[in-house]
Amino acid sequence: MVLTGTIVNALFIIFGSMIGIFFTNLSESMKTTVLKGIGLTVTLLGIQMGIQTNNLLAVIMSVVVGSLLGEWLKLDDKFKQTGKWLEAKIGHKAKGSIAQGFITATLIFVIGAMSIVGALDSGIRGDHQVLYTKAMIDGFTAIILTSTLGIGVMFSSIPVFLYQGTIALFATQINNFIPAHLLDLIVMELTATGGILIMGIGLNMLELTKIKVANMLPSILVITIVIPIFFFFNF
């Protein structure tokens, strides 16, 4: 089934979060240290992804245009409103900010090469190995994030399922529209653009910046439009 890898990924996030709930009683000092460690790791991951670009101009254009769109759509506010709505539904019994956990985990789990490549493999080849691997990584990450940020991390499984599932379903027909070489270029620059956003998340977790990374999410869509234009006009 096309969505098998996506379903497994979402379930691992849920299971990881359920396990992480038992570690929410860690001392504030320990939580802070762990969170900073995650922030450093996420920042390094973003740098590794970002330097893979072969067309920095396209990435810059995508981030600028995408950020303008995100600010116009006020995506960051909408993410926060969703988190606050979850907090209101669950009540004050949950430890930690549900909004913060939901937003941080969603951005970490959704933005990245494995989300895109894995979903494409599921749709094009029916191969779910990449998403199975991502599911294991996300599951362990969910344990750590939940222990520091709370139960809001669990709800990130919903946008992960919708995002990867949409790509997987679309990918079943993608070979009819996009040449293989162009698809490789798009994935490469998607990875680089996602890396910039991932680095922003890491810096926020380190409390060095207060970047509204959610407002930059349209950059992921913009790069998929910019790269074909650059490709056909030989930029």
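Is Lys74 buried, partly exposed or exposed? Lys74 is partly exposed, with a relative accessible area of 48%. Buried means under 20% relative accessible area, exposed means over 50%, and partly exposed lies in between (1.4 Å probe, protein chains only).

This is a predicted model, where local features need pLDDT of at least 70, side-chain atom pairs count only at pLDDT 80 or more, and totals for chains, interfaces and linings use all residues. Residues are numbered from 1 along each chain as its sequence is written, and side-chain values use heavy atoms, with hydrogens and water left out.

Start with the whole chain. It has 10 helices and 0 strands. Helices (H or I, at least four residues) and strands (E, at least two) are DSSP runs, numbered from the N terminus. The radius of gyration is 18 Å, close to the 18 Å that the globule rule gives for 235 residues, so the chain is as compact as a globular protein of that length. That radius is taken over C-alpha atoms, and the rule is 2.2 Å times the number of residues to the power 0.38. Of the 235 residues, 49% are buried.

Now go inside. The largest nonpolar core has 53 residues. Helix α9 (residues 180–205) gives the largest share of this core, 10 residues. Such a core is a set of buried Ala, Val, Leu, Ile, Met, Phe, Trp, Tyr and Cys residues joined through side-chain atoms within 4.5 Å. Leu120 is among the residues with the most contacts inside the core. Leaving out residues up to four places away in sequence, Leu120 touches Arg125, Ile167, Ala171, Ile174, Leu183 and Val187. Contact means heavy atoms within 4.5 Å.

A nonpolar surface patch of about 1,200 Å² includes Met1, Phe15, Phe22 and Phe161. The largest share, 5 residues, comes from α1. Phe161 sits in helix α8 and is partly exposed, at 32% relative accessible area. Patch residues have over 30% relative accessible area and no salt bridge; like charges are joined within 9 Å, nonpolar side chains (Val, Leu, Ile, Met, Phe, Trp, Tyr) within 5 Å. A salt bridge puts a side-chain nitrogen of Lys or Arg within 4 Å of a carboxyl oxygen of Asp or Glu. Areas come from the Shrake-Rupley method with a 1.4 Å probe; for residues, only the protein chains shown count as cover.

Finish in the loops. Lys74 lies between α3 (56–73) and α4 (75–90). Its phi is near 55°, a positive value in a residue other than glycine. Glu207, in the loop between α9 and α10 (218–232), has a positive phi of about 60°. Glu207 is exposed, with a relative accessible area of 65%.
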